[in-house]
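Me: Can you walk me through the ligand site in this one? I'll ask as we go.

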Amino acid sequence: MAVDSPLAPAPVERPPFRPGLEGVPATQSAICDIDGLKGLLTYRGYTVDDLVAQSSFLETAYLLIWGELPTAAQLKEFEHEVQMHRRVSFRIRDMMKSFPSQGHPMDALQASAASLGLFYSRRALDNPEYIVSAVVRLLAKIPTMVAAFQLIRKGQDPIQPRDDLPYAANFLYMLTEREPDPLAARIFDACLILHAEHSLNASTFSARVTASTLTDPYAVVASAVGTLAGPLHGGANEDVLTMLEEIGSEDRVEAWLERAIAEKQKIMGFGHREYKVKDPRAVILQKLAEQLFDQFGHDPLYDLARKLEAVAAERLGPKGIYPNVDFYSGLVYRKLGIPEDLFTPIFAIARTAGWLAHWKEQLGANRIYRPSQIYTGAAGRDWMPLQAR
Ligand code: ACO
């Protein structure tokens with residue numbers, strides 16, 4: 001059809017290209033809201049401060065996924081269901097035993113999460129019972145798989161979950177076979193709440209794109225785990241401790257930061273696309289870290305971190321770059337005795353709640369994601385035979 005034909009469709013007005021889709025709304029969502037200027041984060045209208053103070057991770061997961069706080073009976077049933085599905089098949093454990101022990105636990109988690117689809121995939125997405133069972137299985141089994149790989153790579157057998165322990169305490173128990181101190185378990189549960197959801201970040205976007213194809217929820221979570229693993233996203237929490245250890249002592253902070261800025265190096269645990277002030281989760285995590293240090297002994301890396309925060313506030317604050325959620329989470333996990341390369345898998349345990357909430361929301365008003373592109377490649381080339389190249 002000729003372009004000037006009266007029947008030709010009107011030319012489509014293309015929105016400007018924005019790298020990283022910065023500021024481009026890609027979905028509507030009622031799950032989580034961020035005020036990046038005030039430093040406010042709410043899940044379904046409740047502030048994370050209130051949830052950390054009053055709720056538990058599983059109750060928060062219920063709120064995120066079903067939109068309302070559960071009644072006492074609903075919460076009891078949900079907790080019971082999750083508890084009943086914590087074990088993973090011996091076939092999955094055997095599969096994990098064949099993973100290379102030097103492999104990153106995030107890669108092990110991505111493969112194990114995807115393998116759940118081999119066992120439970122029915123793709124009965126219009127059946128509410130299937131939705132509930134997928135939510136329960138994923139929340140229940142992801143922590144078991146993270147803990148199992150930790151033991152397997154050390155040449156040990158996985159520790160079976162303990163039915164009498166709540167969610168966070170059971171995970172810490174499966175790592176060490178020791179029942180955790182109640183304060184440690186409570187603080188770990190609060191960390192899970194703080195990492196449970198954060199609107200349309202990279203891994204959640206990945207989850208929604210995968211969900212929009214109507215594939216199974218295990219594939220949705222596996223794709224999100226792969227996206228979370230990168231150092232610009234969930235992987236940053238590991239790099240923060242490495243960075244603090246590299247700085248070494250408080251008197252070296254200024255010189256280190258000057259050099260890093262001069263070399264245009266990103267300071268790990270700083271900066272956020274949404275927040276132009278200190279991430280509210282970092283504010284809460286810092287307080288939790290202090291509680292842990294009061295109870296279990298101080299960590300000199302914390303003094304170094306505070307000094308870096310103060311110096312960075314002068315140098316990077318004017319650009320709106322402040323500590324994000326990853327800056328203090330590593331110090332909390334280190335005090336809890338958790339190995340550094342499990343920090344991101346723990347993030348994934350928590351964020352599974354958010355991914356599932358977005359999966360469910362996406363299914364409620366689905367349209368497959370298929371954005372456009374601006375083609376910048378060659379055109380109209382003549383084929384060149386192999387011998388002539
Ligand atoms: N250290 C130093 N400078 C920074 C940092 C940082 N951590 N973050 C951003 N900047 C600077 C950039 O150099 C850039 O400066 P310029 O305009 O002079 O070139 C400007 O701020 C904008 O940076 P972008 O990378 O374009 O910002 P974007 O919104 O794309 O990035 C991101 C956000 C990826 C989180 C970034 O701040 C970063 O890489 N931080 C370090 C990694 C990190 O901590 N990631 C965890 C994020 S939280 C999470 O995913 C759970």
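Me: Which residues come nearest to the ligand?
Reply: K266, I267, F270, R273 and K319, out of 18 residues around the ligand. Near means a heavy atom within 4 Å.

Me: Experimental or predicted?
Reply: This is a predicted model: local features need pLDDT of at least 70, side-chain atom pairs count only at pLDDT 80 or more, and totals for chains, interfaces and linings use all residues. Residues are numbered from 1 along each chain as its sequence is written, and side-chain values use heavy atoms, without hydrogens and water.

Me: What does R273 do there?
Reply: One of its polar side-chain atoms lies 2.7 Å from an oxygen atom of the ligand.

Me: And what about the backbone of G269 and L232?
Reply: A polar backbone atom of G269 is 2.9 Å from a ligand oxygen. For L232, a backbone N or O atom lies 3.3 Å from a ligand nitrogen.

Me: How much of the ligand is buried by the protein?
Reply: 68% of the 910 Å² that the ligand exposes when taken alone (Shrake-Rupley areas, 1.4 Å probe).

Me: What's the shell made of?
Reply: Eight nonpolar residues, six polar and four charged. Gly counts as polar here.

Me: New topic. How is the chain divided?
Reply: Into domain 1 (29–230 + 340–364) and domain 2 (236–335), with bounds from an automatic or database assignment. The contact (heavy atoms within 4.5 Å) takes 30 residues from domain 1 and 28 residues from domain 2.

Note on methods: A polar contact is a pair of N or O atoms within 3.5 Å; within protein, one must be able to donate a hydrogen and the other to accept it, and residues adjacent in sequence count only if both atoms are side-chain atoms.
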